[in-house]
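Trainee: I would like to learn how to read helix packing and charged pairs in a model. Could we go through one together, step by step?

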Amino acid sequence: MPDAAAMEIVDLSFEEALAELEKIVRDLETGQAKLDDAIAAYERGAELKHHCEAKLREAQAKVDKIVTGPNGENRLEPEEID
């Protein structure tokens, strides 16, 4: 069963997750965090990165399924995404 933090990430939009990831990176770059806090932030950042990559794969799959019909009109073919 995923922990509360992981479940929260699942509910984030791509933009929200990316903004949080960018903040974590900025904070880690300062080098001011205690080691335990830096490790926790790094772990959260890795989870956010994974979430963002999954959202991008989903979006790419949808774009890839746009098909041009014989009359030149575009249509979207549903794609099963794991």
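Trainee: Within what distance do the axes of helix H2 and helix H3 come, and at roughly what angle do they cross?

Mentor: Please keep in mind that this is a predicted model. In general, two packed helices are described by the angle between their axes and the distance between the axes. Here the axes of helix H2, residues 14-30, and helix H3, residues 35-64, come within 9 Å, and they cross at roughly 150°. Because angles over 145 degrees count as roughly antiparallel, H2 is roughly antiparallel to H3. The crossing in which H2 passes H3 is left-handed.

Trainee: Which residues of H2 and H3 meet?

Mentor: On the H2 side the contact is made by Phe14, Ala17, Leu18, Glu20, Leu21, Ile24 and Leu28, and the residues they meet in H3 include Ala41, Arg44, Leu48 and Leu56. Sorted by class, the contact of H2 with H3 has 12 nonpolar, 2 polar and 4 charged residues.

Trainee: How should I read the charged residues, and how many salt bridges does a search of the whole structure find?

Mentor: The general idea is that side chains of opposite charge can pair when their charged atoms come close. A search of the whole structure finds 4 salt bridges. In one of them, the side chains of Glu20 and Arg44 meet with an N to O distance of 2.6 Å. That pair links distant parts of the chain, since Glu20 belongs to helix H2 and Arg44 to helix H3, 24 residues apart.

Trainee: Which other residue forms a salt bridge with Arg44?

Mentor: Arg44 also forms a salt bridge with Glu8, with the closest N and O atoms 3.2 Å apart. This pair, too, links distant parts of the chain, for Arg44 lies in helix H3 and Glu8 in helix H1, residues 4-10, and they are 36 residues apart.

Trainee: Is Arg44 buried or exposed?

Mentor: Arg44 has a relative accessible area of 14%, and because buried means under 20%, Arg44 is buried. Its two partners count as partly exposed, Glu8 at 41% relative accessibility and Glu20 at 24%.

Trainee: Where do Asp27 and Lys23 lie?

Mentor: Both lie in helix H2, 4 residues apart, which is about one turn of the helix. Elsewhere, salt bridges that share partners join Glu8, Glu20 and Arg44 into one network.

Notes:
Residues numbered from 1 in each chain as written. Predicted model: local features only at pLDDT ≥ 70, side-chain atom pairs only at ≥ 80, totals over all residues. Heavy atoms only, no water. Axes fitted to C-alpha atoms, helices over the stretch in contact; angles between N-to-C directions. Helix = DSSP H or I, 4+ residues; strand = E, 2+ residues; numbered from the N terminus. Parallel < 35°, antiparallel > 145°, perpendicular 65-115°, else oblique. Left-handed = near helix turned anticlockwise from the far one by under 90°. Contact = heavy atoms within 4.5 Å. Nonpolar A, V, L, I, M, F, W, Y, C, P; charged D, E, K, R; others polar. Buried < 20%, exposed > 50% of the residue type's maximum accessible area, 1.4 Å probe, protein only.
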